[in-house]
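Trainee: I am new to this structure and would like to go through it with you. Could we start with the terms and then look at the parts one by one?

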Amino acid sequence: MPIHVLVIEDEAQIRKNLQEMLVMRGYEVTAAANGQGGIAEAIQQPPDVILCDIMMPKLDGYKVLESIRTNPNLAHVPFIFLTAKADMADLRRGMTLGADDYLAKPFGMKELVAAIESRLKRQQQKQKAPPPTLFMKTIQGHDERGHMVLQTEDCLYFFIRNKKNFVRHLLGTFQIHVPFEKLATELDPSLFFRANRNSIIHRKTVQKYAYWENGKYCLFLLINGQPLEAILPRARYNSFKKWLTE
């Protein structure tokens, strides 16, 4: 069966263009001109992915997302915002509500399809993964802007500084209050590895590693576009190599 995409967009020309582009790529597409209509369409015919504009009259994209996430039959559906307004405050609000991704207008067909396929792949991986109770899925962090619930799969690097625990996330650096021992045992081991006493790394941050000195290795990481180095003790080396190849 073709993948069913629901497009919720109040601008008629954009809505029509999206429908045409997606149909040309083999997707099944339904569309709605406003938030209320989009929710009704989703309930009547649950889609595989929802693309939703943020700035719409009467019921904006945030309200649509809230409604979708509180519906048991739709809560799992990947939700991608389409927006011409994508500052950090908007991004934080959307992610707090449970958005999966953002596409900033204008965007091309390649970007659109990549976003859809990426979210569908992640959804499939979640369905194949062990029961969610086995691993920590969310963690609460805070910075000078306030508190936020973070998806652990988007946490890139946990570290200890001045006896306090922090995490570098896609949205910035947050202080957390979860003991490192708990993190080490309850984070998904397919994604995270405890490199040393003071750092836990995400698989996708690892760029390369090299022997350093006195039996220690240096891990070269890339986090939000910024390089970072972490020390790997000799005792962790074999476990690290095995983890990388799993």
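Mentor: Let us begin with a definition: contact means heavy atoms within 4.5 Å. This is a predicted model, in which local features need pLDDT of at least 70, side-chain atom pairs count only at pLDDT 80 or more, and totals for chains, interfaces and linings use all residues. Residues are numbered from 1 along each chain as its sequence is written, and side-chain values use heavy atoms, with hydrogens and water left out.

Trainee: Which residues does I8 touch, then?

Mentor: Not counting residues up to four places away in sequence, I8 touches A32, N34, G35, G38, I50, L51, C52, D53, M56 and V64.

Trainee: How many helices and strands does the protein chain have?

Mentor: The protein chain has 7 helices and 15 strands. Helices (H or I, at least four residues) and strands (E, at least two) are DSSP runs, numbered from the N terminus. Along the principal axes, the C-alpha atoms fill a box of roughly 65 × 35 × 35 Å.

Trainee: What share of the residues counts as buried?

Mentor: Of the 246 residues of the protein chain, 43% count as buried. Buried means under 20% relative accessible area, exposed over 50%, and partly exposed in between, with a 1.4 Å probe and protein chains only.

Trainee: Which residues of the largest nonpolar core touch the most other members?

Mentor: That core has 19 residues, and I8, I50, C52, V64, I68, F79 and F81 touch the most other members. The elements that give two or more residues to this core are β1, α2, β3 (49-53), α3 and β4 (79-83). Helix α3 gives the most, with 4 residues. A nonpolar core is a set of buried Ala, Val, Leu, Ile, Met, Phe, Trp, Tyr and Cys residues joined through side-chain atoms within 4.5 Å.

Trainee: Let us turn to α2. Which of its residues are buried?

Mentor: In helix α2 (residues 35-44), the buried residues are G35, G38, I39 and A42. Seen down the axis of α2, they fall within an arc of 100°, so they line one face of the helix. The arc is that of the directions from the helix axis to the C-beta atoms. These residues pack against β1 (4-8), β2 (28-32) and α3 (61-69).

Trainee: What caps the N-terminal end of α2?

Mentor: N34 does, with a side-chain oxygen 3.3 Å from the backbone nitrogen of Q36. A polar contact is a pair of N or O atoms within 3.5 Å; within protein, one must be able to donate a hydrogen and the other to accept it, and residues adjacent in sequence count only if both atoms are side-chain atoms.

Trainee: And which residues are buried in α3?

Mentor: G61, Y62, V64, L65 and I68 are buried in α3. Their arc, seen down the helix axis, is 160°, so they line one face of the helix. At the start of α3, a side-chain oxygen of D60 reaches to within 3.1 Å of the backbone nitrogen of Y62.

Trainee: New topic: how many aromatic pairs does the structure hold?

Mentor: The structure holds 13 aromatic pairs. One of them, Y62 with F81, is edge-to-face, at 5.5 Å centre to centre and 70° between the planes. Rings of Phe, Tyr and Trp (its six-membered ring) pair if their centres lie within 6.5 Å; planes under 30 degrees apart count as stacked, over 60 as edge-to-face and the rest as tilted. This pair links distant parts of the chain, with Y62 in helix α3 and F81 in strand β4, 19 residues apart. Y62 counts as buried at 4% relative accessibility, and F81 is buried at 0%.

Trainee: Are Y217 and Y237 stacked or edge-to-face?

Mentor: Their ring centres are 4.1 Å apart and their planes at 10°, so the pair is stacked. Y217 lies in strand β14 (residues 217-223) and Y237 in helix α7 (residues 234-245), 20 residues apart. F193, Y209, Y211, Y217, Y237, F240 and W243 form one aromatic cluster.

Trainee: Last one: where is N165 found?

Mentor: N165 is found in strand β9 (residues 164-169), and at 13% relative accessibility N165 counts as buried. A polar atom of its side chain lies 2.8 Å from the backbone oxygen of V178.
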